[in-house]
Amino acid sequence: MSRTIRILAGTGLLAIAAVAAQAQQAPSGGSATYWMSAETSSGMSTMGQGGGAYAHNLTLQLGTGRRAAGEPSAEHLPPATLKAGPALPLVSPVRAASSGPQSPYNYAGEKPKGRMLFYWGCGERARPGQPVVVDFASLSAGKVPPAFAQAALKAMNPPSAANNASYGEWPNNKSKSRVPAGGSLVGDHVVRGNYTPEIKFALAPGQDFLAPVSLIAQNAAASGSVPLAWKPIAASRGWFVSTMGAAQNGDMIMWTSSEKQAAAMMMDYLAPDEIARLVAQKVLLPGTAASCTVPQEVAKAAPQSMLSMVAFGPEANFSFPARPAKAGASWKPEWAAKLRTKSTYMGMLGMDMAAMMNGGDDASDGDDEVRRPETKKEKLRRGLGRLLGN
C-alpha cells in the first residue's frame with residue numbers, strides 16, 4: 001500500500017472521530033433485527049466489479065437473541081427481480097478474540113508524520129480562516145482540534161456478532177453471487193433460519209437502490225477552481241462532497257462541501273432524522289443540490305485529489321406486529337427489519353473516470369525510437385496509478 005493511501009486511511013479516521021467515543025448499543029427490536037444496506041456505487045469503485053457504469057452493493061445483517069440448537073443456519077429468499085439467485089445464505093462468522101479498545105488515531109508500526117490542511121465550503125475561493133492545519137502526531141497523541149471533537153455524529157449500529165447471541169451476514173465466502181447493476185429490491189422478501197422467527201416484508205418501487213451518482217461537469221475553471229455539477233437523484237435526502245490529496249511538500253489537503261468546519265468524512269449510512277438535522281445545520285447539502293464548486297486554493301494545492309460524493313437516501317422499516325402509532329420505549333416486536341440506501345461516487349478531481357475505465361489508448365503502444373507526447377488519457381491513467389501507488 002502506498003504511503004499516500006496509508007495516510008489517507010489514517011486521516012479518514014477523522015470520519016469516525018465524533019462517533020468512536022459513543023457507546024455501541026444493541027439495535028432496537030425484539031427477538032430478531034434485520035438490516036438491508038443498499039448502496040449504488042459509481043466511478044473508481046466499480047473497477048473491480050466488471051468495470052460497468054455503476055454497481056449495486058447489498059449487505060444483509062441478521063441478529064437475534066436466540067441461540068441455534070446446533071450449527072446456526074439462516075437465509076434470505078429475495079424476489080426474482082434481484083437477479084442474485086433464489087437464496088442468499090446468511091453465514092455466521094467465526095468470532096475473533098478481541099485485542100481491546102483501539103483509538104481511532106492509532107498508527108500501527110510507525111510514528112505518524114506530516115500535516116493535513118483542512119478546507120470546507122463550496123465556492124470559487126476558500127473562506128477566511130482556512131485552511132486549518134492538523135498535525136498527525138498530535139492526533140495520535142489524542143490532541144483533537146476542538147472543532148473536530150465537537151462534530152458529533154449519531155452513528156447507526158446495525159446487527160453484529162458483538163451485540164447479538166446469534167448473527168448471520170451476506171455477502172460471505174459461502175455465496176459467490178452478486179447483485180447485478182440491473183437487480184432490483186422491489187418485491188417480496190423472506191428471511192428464515194433456525195435462530196430467527198420467519199421475517200416477511202415487501203418492498204415497493206420507491207424502496208429500491210438509488211440511481212447512480214452521475215457527474216456532468218468537473219472541468220477546471222480559468223481561475224483554477226473546479227465547478228462540479230451532477231444529475232439530481234429524486235430520492236436523495238442530502239449530499240456530501242469531499243476531496244483528499246497530497247501537496248508537493250507532502251501535506252495532505254482535505255476539503256468538504258460542509259458550510260461548517262467539521263472533520264467528518266461522511267460516507268457511511270445516516271438515519272433520516274440525522275440527515276435532516278445535518279441538512280438544517282448546513283453540514284450536508286440539501287437533497288435537491290446538483291452543484292458545488294471546489295475552491296481554487298484546494299484544487300491548486302492538490303491537483304490530483306480523490307473526489308468522493310455520497311447521496312443519502314431514505315429508509316424503509318417493517319416489523320411484526322406492526323408498530324403502533326404511539327409505541328412506547330418498552331414496545332418490542334417479534335422482529336424488526338430495516339432497508340437503508342445511499343449512492344456513492346469515487347474518482348479523481350477534474351478527470352473523466354468513464355474515459356479512463358473504457359480502456360484503450362489514443363495512440364499506438366509500439367516501440368517507437370522517438371518518444372511520442374503523452375496523450376490526455378494516458379495522463380489520466382498515470383495520475384490514477386500514482387494516487388493508488390501502482
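This dialogue discusses selected features of a predicted model.

Student: How many disulfides does the whole structure hold, and which residues are joined?

Tutor: In general, a disulfide is a covalent bond between the sulfur atoms of two cysteines. A search of the whole structure finds 1 disulfide. Cys-122 is joined to Cys-292, with an S to S distance of 1.9 Å.

Student: Where do Cys-122 and Cys-292 lie in the chain?

Tutor: The pair links distant parts of the chain, 170 residues apart: Cys-122 is in the loop between β5 and β6 (132–135), while Cys-292 is in strand β15. Both Cys-122 and Cys-292 are buried.

Student: Why is the disulfide of Cys-122 and Cys-292 described as left-handed?

Tutor: The torsion about the S-S bond is about -100 degrees, so the disulfide of Cys-122 and Cys-292 is left-handed.

Student: Which residues of the largest nonpolar core touch the most other members?

Tutor: As a general idea, in soluble globular proteins, nonpolar side chains tend to be buried together. Here the largest nonpolar core has 27 residues, and those touching the most other members are Leu-228, Trp-230, Trp-239, Val-241, Trp-255, Leu-285 and Met-309. Several elements each supply at least two residues of this core, among them β11 (226–230), β12 (238–246), β13 (252–256) and α6 (296–301). Another core, of 26 residues, lies apart from it and includes Ala-32, Val-179, Ile-199 and Leu-203.

Student: What does Leu-285 touch?

Tutor: Not counting residues up to four places away in sequence, Leu-285 touches Trp-230, Trp-239 and Val-241, among others. Both cysteines of the disulfide, Cys-122 and Cys-292, are also touched by Leu-285.

Student: How many aromatic pairs does a search of the whole structure find, and how is their geometry read?

Tutor: The search finds 3 aromatic pairs. The angle between the ring planes sets the class: under 30 degrees is stacked, over 60 is edge-to-face, and the rest are tilted. The rings of Phe-201 and Phe-318 have centres 5.1 Å apart and planes at 20 degrees, so this pair is stacked. Phe-201 lies in strand β9 (residues 196–203) and Phe-318 in strand β16 (residues 306–320), so the pair ties together parts that are 117 residues apart in sequence. Phe-201 is buried at 7% relative accessibility, whereas Phe-318 is partly exposed at 21%.

Student: Why is the pair of Trp-230 and Trp-239 tilted?

Tutor: The ring centres of Trp-230 and Trp-239 are 5.1 Å apart and the planes stand at 40 degrees, so the pair is tilted. Trp-230 is buried, with a relative accessible area of 1%, and Trp-239 is buried at 0%.

Student: Which lysines lie over aromatic rings?

Tutor: Lys-338 places its charged end over the ring of Trp-35, 5.4 Å from the ring centre. Lys-342 lies over the face of Tyr-269, at 4.5 Å from the ring centre.

Student: How is strand β2 paired, and is it covered or uncovered?

Tutor: In general, strands of a sheet pair through backbone hydrogen bonds, either parallel or antiparallel. Strand β2 (residues 54–64) runs antiparallel to strand β1 (residues 32–43), with 11 bridges joining them. Trp-35 stands opposite Gln-61 in β2. The pairing of β2 with strand β7 (residues 166–170) is also antiparallel, over 5 bridges, and Leu-62 stands opposite Gly-168 in β7. Strand β2 is mostly covered, with 9 of its 11 residues buried.

Student: Which strands stand at the edges of the open sheet?

Tutor: The open sheet has 4 strands in the order β4-β3-β8-β9, with antiparallel pairing. β4 (88–89) and β9 stand at the edges with a single partner strand each, so one side of each is left without a neighbour in the sheet. Within this sheet, 4 bridges join β3 (residues 74–77) to β8 (residues 187–193), and Glu-75 stands opposite Arg-192 in β8.

Student: Which peptide bonds to proline are cis?

Tutor: The bond from Gln-130 to Pro-131 is cis, with omega near 5 degrees, and Pro-131 is in the loop between β5 and β6. The bond from Phe-320 to Pro-321 is also cis, with omega near -5 degrees.

Terms used: Residues numbered from 1 in each chain as written. Predicted model: local features only at pLDDT ≥ 70, side-chain atom pairs only at ≥ 80, totals over all residues. Heavy atoms only, no water. Phe/Tyr/Trp six-rings, centres within 6.5 Å; stacked < 30°, edge-to-face > 60°. Buried < 20%, exposed > 50% of the residue type's maximum accessible area, 1.4 Å probe, protein only. Lys NZ or Arg CZ within 6 Å of the ring centre and 35° of its normal. Core = buried A, V, L, I, M, F, W, Y, C linked by side-chain atoms within 4.5 Å. Contact = heavy atoms within 4.5 Å. Disulfide = S-S within 2.5 Å. Pairing = 2+ DSSP bridges.
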